[in-house]
Amino acid sequence: MRGRRAVLLAALLALAGCAERPPGDGPVTLVFKHARILGPADPFPGLLAEFAAAHPGVRVTSESLPWSSDEQHQFYVINLEGRSPGFDVMMLDVIWVPEFARAGWLLDLTDRVRPEELAPHFASTVAAATWAGRVWALPWNMNVGLLYYRADLLAKYGLRPPETWEELEAAVRTIRAGERDPRLEGYLWQGKQYEGMVVNVLEALWANGTRLLGADGAVFPEPARAVEALAHLRGLLATGVSPRWVTAADEELSRRAFGDGRAVFLRNWPYVLDLVEAPGSAVRGRVGLAPLPGRVRGAGAGSTGGSHLGISRGTRHPDLALALVRFLTGERAQRAMATGAALYPTRTALYRDPALVARNRWLPRIHDLMLAGRPRPVTPSYLLLSTTLQPELSAVLVGLKPPARAIADARRRLDYFLASRR
Amino acid sequence: MSRGGRLRDALVLAALAAYAVPFVWQLLTSLKPEAELLRVPPLLPARLTLDHYRVVLEQSLIPRALLNSLGVAGLTTLSALLLGLPAAYALARLPVPGRSALLLGIVASTAFPQIATVSPLYLMMRALGLRDTWTALVLAHTSFALPLVIWLLAGFVREIPPALEESAAVDGASRGQALRFILLPLLAPGVASAGLLAFLFSWNEFLFAYTFTATGASRTVPVALALFPGVFEVPWGDIAAASMLASLPPVLIVVGLQRYLVRGLLAGAVKD
Amino acid sequence: MTRRERADRRRGLLLMAPTLATLAVLTVYPGAWVLWLSLQYRVPAFGVDRFAGASHYAFLAGDPRFWSAARTTALFTVASVGLELVLGVAVALALVGQRRGRRLAFSLLLLAWAMPAVVTARLFEWLYHPAAGLLNVLLGGLDLNWLGDPALALPAVVLADVWRTLPFVAVLAYARLLGIPTELYEAAQVDGAGRLATFTRVTLPLLRGVLLIAVLFRTLDALRAFDLMFVLTGGGPAGTTETLTVYAYRGLFQMLQLGFGSAVGVVVFALVMLVAWAYLRLLRAGEAAA
């Protein structure tokens, strides 16, 4: 009896000792929270095993986030607000970084990360990881909005990729009149009520030479131009250049229809390339890509996106967590992810990497488009902006509200909420 | 029985079977191979598979969430009954001062919208460090299950003639004994009914669970189902399997304990 | 008051005490706190915490999204409670004559009522799927986008809700029907009343009481509805399925405006209490008249 009690005591002491020992000394578990990665070959298990091999005594558990970006955000908010969460490293949509930084949920990396570590990444993605002059995350993968077109159909009618809204609409009319195929749609994009639609609207605003947040923080600084941009999107639906179901379309729904050969144009992210070029794809070898058209030539720009890796301020192993972040955002890992998961690198050099270019001949082109891409407003209130705008914009797209009224309503709401947050 | 009557019975059953189609369709979906999910018609799959259940049970949060739901709903039921039984007895049998006001208050709190208390409760749980624990959910759920349980049980107690307890008292039994040996056994079916409703309420509850839970430590089944992960593609088959698992206890209750469930349902509404 | 009575009173209070304490802490106190919160600018994540007076309420009074949510809530409530009532009574009438398989019938019926609303949402999301949804297939290969079309989304949500809560009305009405003595029907037959006349003159008046209760319960539930639309549509498309509760929740936990969201929650609270109060008055007036 006495012996057993002694063993128990020793075990308890050992446990207590474990908790007090400095991090990195005993077996350590890092929890990594990220969205599920899809792709031809998930590179994740391999990468994490590699990291564990290089750091004996460290185990990395990866946990999946919910499905949509909006739900992921909600998950983080509920997890991080006012407590230390159960994870160390987290995947962040670029738009969340300022918000999480202001809320104090992220470890400030400014003094731990040297400027030359950031230099190899696209400047815009580094800008998105920076808020109030401090660095809060490292860029992990990158996205940009593009125009996909059916190169075969354009060639058949002697058309060039459209550079303006007008050219795009004209091309749709010509091709649909010539093909006489009722199942062939014109221009597909994302108009469902969610963050993806806000991105499409932002791109329309930029294409019309205006933006959502002015330099002084004013919402819709040039309402007249914003009204025009919205009227243009609504017009696409009203005139049949885009099918009505675009108002319920997300990335996948629109990608599928285009991938089945049922549309001439598609606005989407680079991940679509892998799928349309895959063996068995109905449009394999018949797709081209171009910058998004503008109201006038050269005005169009795709929104940048992607994700960063940040470290929870509540982590007990900041150094190990940073090592994991460095490893996953490093060249090796980004190459593996570009190969296995169709996630595009944030490191510019990889776009000229011969092995990668041999796999994906579009890389240099995408590099240029990423370089020309524009970030969504970098503000701690981005989610507030987006969720406030979503129903208003959606109401315009389906024709329930005139653009001018939607913009007036949205401005009134946002002015009120933004003022109450200062 | 006449042939017409039999036919009529069969028709009603057929209509109700048609009514259950959404559920059956989901059951079928949960057993369909991935490749056949988006191909309808045909309505029936070429073969059945347990793959989706395997994925859900081995790779998702659902098993853990089922355990959490079971724990939270069980503890909620227990605490609502333990608190509610004495209160219901007092309200039904004893001259509690302000009885009718109390009853009104209790009925009113069953009508309380959760959305009105979720923000203060959130701040409360946050201050107490209870977020993402069973305790937070059990407390929040009890606050809604308790009035319901009291309301039901008070009605059931009133159905039992006080004369029974009184005659026991005449026979020399103490009040406590009378309660234990006379009232409680008679009340048992009512307790079962009230308990079942409390359990179902807690099992199904979403708003509080969504707000107070964060990880596998406390996330309940409805929340895990609402947030079922996927990227771009929605894993319909896995979601269907998870839905089936989430409705398992309610289904068992409906099939196995139907009598008590219906009794509770009726008592809640018809007593006045 | 006799000694025994006094002892009983004391005992009664003692037995009530744990319940009263629990409800005071978990219901009454939050109920008061939410009123206070609704008068504040409160963004916990950003450390914002200051008095706002009635400005949230003033803003809501001129907020189109609030009024649209109020309208959606009203439409949803009226449509779904109305349909549930009619269909529930129909089901009850069908069940009353049932001789065989009554248990099976009840199982099929109660299934929908007993499962989580989130499951209902997932079932219907799949039924409404534009490409692979059973509903479109059964409608003869229609190409309807139930949850994406602003004209169809609210009806689609109502349909799911009716499916889910119809059993409640049906079981209530059924129990009442069983209690109607057959002599009443026989008497009606002797009077030469047809089926319809029997229904409107005998059955319906007897069902009145229980149906009024069912309507009250269901109305209060529908006014608070959240799970179904939150999971099924998230309030979209174009905000056409956003009820007051969903709006309040978005304010609270998506935009993190705890003060503002609380103000919307208080409005829902007031609405529910108002309806309950009006209803009870109506019921009393009806009883007095009868």
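This is a predicted model: local features need pLDDT of at least 70, side-chain atom pairs count only at pLDDT 80 or more; totals for chains, interfaces and linings use all residues.
Residues are numbered from 1 along each chain as its sequence is written, and chains are lettered from A and ligands numbered from 1 in the order in which they are written.

**Stop 1: chain A as a whole**

Select chain A and colour by secondary structure. There are 18 helices and eleven strands; helices (H or I, at least four residues) and strands (E, at least two) are DSSP runs, numbered from the N terminus. With a radius of gyration of 24 Å, close to the 22 Å that the globule rule gives for 422 residues, chain A is as compact as a globular protein of that length. The radius is taken over C-alpha atoms, and the rule is 2.2 Å times the number of residues to the power 0.38. Along the principal axes, the C-alpha atoms of chain A fill a box of roughly 90 × 50 × 45 Å.

Of the 422 residues in chain A, 49% are buried. A residue is buried if 20 or more other C-beta atoms lie within 10 Å of its own, exposed if 12 or fewer, and partly exposed in between, with C-beta atoms placed from the backbone. Among contacts in chain A with a separation of 6 or more, 74% involve residues 24 or more positions apart; two residues are in contact if their C-beta atoms, placed from the backbone, lie within 7 Å.

**Stop 2: the two domains of chain A**

Next, select residues 23–144 + 304–372 of chain A as domain 1 and residues 146–302 + 381–421 as domain 2. These bounds come from an automatic or database domain assignment. The C-alpha centres of the two domains of chain A lie 28 Å apart. Their contact takes 17 residues from domain 1 of chain A and 14 residues from domain 2 of chain A.

On the domain 1 side, helix H3 (69–80), helix H4 (97–102), strand E6 (137–144) and helix H16 (363–372) of chain A each supply at least two residues. The largest share, four residues, comes from H16(A). By class, this side has nine nonpolar, five polar and three charged residues. Here Ala, Val, Leu, Ile, Met, Phe, Trp, Tyr, Cys and Pro count as nonpolar, Asp, Glu, Lys and Arg as charged, and the others, Gly among them, as polar.

**Stop 3: strand E10 of chain A**

Select residues 287–290 of chain A, which form strand E10. Which residues of E10(A) are on the covered face, and which on the uncovered one? Val287(A) and Leu289(A) make up the covered face, whereas Gly288(A) and Ala290(A) make up the uncovered one. In a regular strand the side chains alternate between the two faces of the sheet.

Two strands pair if DSSP finds at least two bridges between them. Leu147(A) has Ala290(A) as its bridge partner in E10(A).

**Stop 4: Gly46(A)**

Move to helix H2 (residues 44–54) of chain A, where Gly46(A) lies. Gly46(A) is partly exposed, with 13 other C-beta atoms within 10 Å. A distance drawn from its C-alpha atom to that of Val227(A), 181 residues apart along the chain, comes to 49 Å.

**Stop 5: chain B**

Now select chain B, which has 14 helices and zero strands. Its C-alpha atoms fill a box of roughly 75 × 65 × 30 Å, taken along the principal axes. Of its 272 residues, 49% count as buried.

The mean for chain B is 89, and 96% of its residues reach 70 or more. Confidence is lowest in helix H8 (residues 162–170) of chain B, at a mean of 78, and highest in helix H4 (residues 62–93) of chain B, at 96.

The domain assignment of chain B gives domain 1 (3–51) and domain 2 (53–270). Nine residues of domain 1 of chain B are in contact with nine residues of domain 2 of chain B. On the domain 1 side, helix H2 (residues 21–30) of chain B provides the largest share, four residues. That side has three nonpolar, three polar and three charged residues.

**Stop 6: chain C against chain B**

Finally, show chains B and C together. Their contact takes 78 residues from chain C and 73 residues from chain B. Helix H1 (residues 3–37) of chain C gives the most to the chain C side, with 19 residues. The residues of that side divide into 55 nonpolar, 13 polar and ten charged.

Note on methods
pLDDT is the predictor's confidence in each residue, from 0 to 100.
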